[in-house]
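Dear colleague,

Please find below the structure that I am handing over to you.

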Amino acid sequence: MEEELLSAVPCSSLTVESVIRVATAGGLYGLCAGPRDARKIGLSGASQASFVAKSIGRFGFQCGLVSGVFTMTHCGLQRYRGKSDWVNALVGGAVAGAAVAISTRNWTQVVGMAGLVSAFSVLANCTRTEPKQH
């Protein structure tokens with residue numbers, strides 16, 4: 001039943017939902033980590049508030065970017081191939097990891113991040129509970 005529902009929803013809608021959820025979580029993480037990082041480098045007052053606001057935006061954007069790229073790639077591959085398996089997660093994770101690391105312009109980091117996100121994506125995909133077929 002869930003597969004039928006997911007196939008009826010456009011990939012763009014799934015991507016937007018994913019970006020909103022994960023970007024919000026990233027922003028909350030930035031809200032928690034920002035003040036600690038600001039104190040660590042000796043900021044206080046308005047400069048600390050500015051640093052925290054930038055941390056919220058940075059973490060929210062990065063998390064939303066990974067989520068959006070992964071969801072769109074995973075969903076698109078699933079629809080194109082007509083299969084829901086670990087290959088979709090592998091490719092989606094690799095593309096999302098590369099998208100985040102591309103700003104470093106260091107191919108070693110791009111490949112490493114693509115491999116890391118890909119491995120975590122496959123692991124998460126394999127540990128999902130699938131409904132039993134009767």
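A disulfide is taken here as a pair of cysteine sulfur atoms within 2.5 Å. By that rule, the count for this predicted model comes to 1 disulfide.

The bond in question joins C11 to C75, with an S to S distance of 2.0 Å. It links distant parts of the chain, since C11 lies in helix 2 and C75 in helix 3, 64 residues apart. The torsion about the S-S bond of C11 and C75 is about -80°, so the disulfide is left-handed. C11 counts as buried, at 12% relative accessibility, and C75 likewise counts as buried, at 6%.

Two further cysteines deserve a note. The sulfur of C32 has its closest cysteine sulfur in C63, 12 Å away, which is too far for a bond. C32 is exposed, with a relative accessible area of 61%. C126 is in no disulfide either, the nearest cysteine sulfur being that of C75, at 19 Å. At 53% relative accessibility, C126 counts as exposed.

By class, the contact of helix 2 with helix 3 has 16 nonpolar, 15 polar and 3 charged residues.

With kind regards

How values were computed
Residues are numbered from 1 along each chain as its sequence is written. This is a predicted model: local features need pLDDT of at least 70, side-chain atom pairs count only at pLDDT 80 or more; totals for chains, interfaces and linings use all residues. Side-chain values use heavy atoms; hydrogens and water are left out. Ala, Val, Leu, Ile, Met, Phe, Trp, Tyr, Cys and Pro count as nonpolar, Asp, Glu, Lys and Arg as charged, and the others, Gly among them, as polar. Helices (H or I, at least four residues) and strands (E, at least two) are DSSP runs, numbered from the N terminus. Buried means under 20% relative accessible area, exposed over 50%, partly exposed in between (1.4 Å probe, protein chains only).
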